[in-house]
Amino acid sequence: MRIAKITELINKLNSDAVILFNESNMHYACGFSPSEGVIVITKEAVGYHIVDSRYVQAANEHAKNTGLNVIEITSSFIDEVDKIVKKHNIKSLLFENETISYSKYLAYSQKFSNISLIPLNNEFMNLRNVKDIDEIEMIKKANYIAEKSFLELLAEVKVGKTEKELAALFDYIMAKNGSHGVSFDTILLTGDHTSMPHGVPSEKVICDGDFVLFDFGATYCGYHSDMTRTVAIGHATDEMYQCYNLVKKAQKAGIQALAEGVKCADVYSASYDVLSKENMAQYFRHSLGHGVGLDIHEGYNASPKSTDTYQVGNVTSIEPGIYIPNKFGIRIEDLLYISPRGRENLSNITKELIIL
């Protein structure tokens with residue numbers, strides 16, 4: 001099925017074949033993430049997965065489902081590609097101009113100087129943005145692991161614990177529950193550190209009356225989850241409640257605006273306007289959301305400058321926040337899937353303010 005989609009893209013772009021080096025793009029085609037390798041797929045839907053001895057067994061196992069022909073290199077990757085080019089009389093080749101290294105580009109452009117190398121630009125990412133049902137199931141599994149782990153972690157979040165020890169424990173719990181790796185470096189911040197949208201866990205100790213912000217994700221078979229929750233320790237002030245409820249209201253507005261055919265910038269505006277009406281938009285310092293899949297940030301994003309439009313098959317985060325310097329920050333993030341039946345929220349953890 002994936003080869004068929006990729007073949008459609010090759011023919012749409014009037015090329016003879018596509019060559020893939022990017023790990024996530026290769027995963028999309030071959031079903032796992034080799035750290036090194038090459039995939040070539042022709043316009044006739046003949047696919048090759050070139051690997052070294054480390055990945056032969058895994059590649060052959062996945063090839064039973066993907067239909068790729070596995071080739072173990074005998075000399076070099078580029079020599080094996082040359083054999084395929086000659087076998088299929090390839091005269092034009094799509095390549096990943098947005099992610100390929102300069103040195104690799106030079107090597108392949110010199111080797112195949114008689115072949116037209118055609119930039120893919122964002123066309124392959126656009127293909128990956130439309131998730132199939134198997135991909136959605138993988139994301140749901142990753143999300144389930146992350147949520148289960150978060151609920152377990154909450155029992156350990158207490159006054160006197162440090163950000164770093166809880167972040168490390170969180171990663172361990174996710175691994176224990178079946179995560180194949182964290183989606184990104186876990187963000188776990190307390191007190192005034194929560195005003196840094198992407199702060200790094202430190203030796204800072206949790207105190208009574210603090211907000212604690214958790215931004216986390218698990219992975220399953222290469223697919224990522226992403227969620228943020230903000231909780232309070234012991235008690236919360238009226239200001240903390242008011243700001244928290246405002247962020248929750250902004251998120252709700254963004255989620256309600258999300259639908260097939262809606263511009264990403266308009267979804268951003270739906271949340272932004274809620275904050276703006278309360279004169280709090282100046283504390284919202286990032287885009288509203290981003291695509292999630294084989295990469296934690298992929299494809300489009302919901303920002304005021306975005307020219308993208310949501311479509312069926314997209315998975316995106318919706319994550320407004322406010323960050324008041326030297327005071328506190330709040331972010332609430334869910335994963336949303338635009339299914340053929342409409343919008344589906346993949347996140348299940350309550351968004352009412354949790355007081356620990």
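How many cavities of 30 Å³ or more does the structure hold? The structure holds one such cavity. The coordinates are a predicted model, in which local features need pLDDT of at least 70, side-chain atom pairs count only at pLDDT 80 or more, and totals for chains, interfaces and linings use all residues. Residues are numbered from 1 along each chain as its sequence is written, and side-chain values use heavy atoms, with hydrogens and water left out.

View 1. A cavity is a set of points, on a 1 Å grid over the protein atoms alone, where a 1.4 Å probe fits but cannot get out; lining residues have an atom within 4 Å of a point. The space in the largest cavity is about 50 Å³, a volume being the space filled by probe spheres set on the points, which are joined across faces, edges and corners. Its lining consists of I19, F21, L93, F95, I100, Y105, Y108 and L117. These divide into eight nonpolar, no polar and no charged residues (nonpolar: Ala, Val, Leu, Ile, Met, Phe, Trp, Tyr, Cys and Pro; charged: Asp, Glu, Lys and Arg; polar: the others, Gly among them). At least two lining residues come from each of β5 (92–95) and α5 (102–111); helices (H or I, at least four residues) and strands (E, at least two) are DSSP runs numbered from the N terminus.

**View 2. The open sheet.** Six strands form an open sheet in the order β4-β3-β2-β1-β5-β6, with mixed pairing (two strands pair if DSSP finds at least two bridges between them). Because β4 (69–72) and β6 (116–119) stand at the edges with a single partner strand each, one side of each is left without a neighbour in the sheet. From one strand to the next, the twist averages 25°. Strand β3 (residues 47–51) pairs with β4 in the parallel sense over four bridges, and H49 stands opposite V70 in β4.

**View 3. A helix across the sheet.** Helix α1 (residues 2–12) lies across β1 (17–20), β2 (38–42) and β5, at about 70° to β2. Angles run from 0 to 180 degrees between N-to-C directions, with axes fitted to C-alpha atoms, for helices over the stretch in contact (heavy atoms within 4.5 Å).

**View 4. The largest pocket.** A pocket is an open set with protein on both sides within 12 Å along at least five of seven lines. About 470 Å³ of space lies in the largest pocket. Among its 19 lining residues, R2, G31, N65, T66 and D134 lie nearest its centre. Helix α2 gives the most to this lining, with four residues.
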